[in-house]
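Me: I would like a close look at a single part of this model. Please keep to computed values and give the cut-offs.

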Amino acid sequence: MQFSVGYTPARDELITVIEKNISHISEVYFSFGGFSSGRNMLALNTNLSESELMDRQQEDLDRIASLGVKLNILFNGIKT
């Protein structure tokens, strides 16, 4: 069985879980920066600035992709 995992900026914990369960993880889904997504804003549970958080997210997603895990960006709720 394979699972989709939601990205959270809990950096090392998330990546460790992915590494330990890589054969069961098909993708990591995430919202990006200031885009509406229907998910909690990433910055709510951290002391990082928006810029620092965006840098961390990019580093984390690069690391996850290097493990061979697909990335799935969410664009829910975008107003046009």
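Which residues in α2 are buried?

Reply: This is a predicted model, in which local features need pLDDT of at least 70 and side-chain atom pairs count only at pLDDT 80 or more, while totals for chains, interfaces and linings use all residues. Residues are numbered from 1 along each chain as its sequence is written, and side-chain values use heavy atoms, with hydrogens and water left out.

The buried residues in α2 are L53, Q57, D60, L61 and I64; buried means under 20% relative accessible area, with a 1.4 Å probe and protein chains only. They lie on the same side of α2, because the arc they cover around the axis is only 100°, taken from the directions from the helix axis to the C-beta atoms.

Helix α2 covers residues 50-66, and its 17 residues should span 24 Å at 1.5 Å a residue, which agrees with the 24 Å between its end C-alpha atoms. The expected span is 1.5 Å times one less than the number of residues. Helices are DSSP runs of H or I with at least four residues, strands are runs of E with at least two, and both are numbered from the N terminus. After α2 comes G68, with a positive phi near 90°.

As for the setting, the elements run β-α-β-α-β from the N terminus. Strand β2 (residues 25-30) is parallel to β1 (residues 3-6), with four bridges joining them. Four bridges also pair β2 with β3 (residues 70-73) in the parallel sense; two strands pair if DSSP finds at least two bridges between them. E27 in β2 is the bridge partner of S4, and E27 also stands opposite K70 in β3. Over the 80 residues of the chain, 28% count as buried.

Terms used:
Buried means under 20% relative accessible area, exposed over 50%, partly exposed in between (1.4 Å probe, protein chains only).
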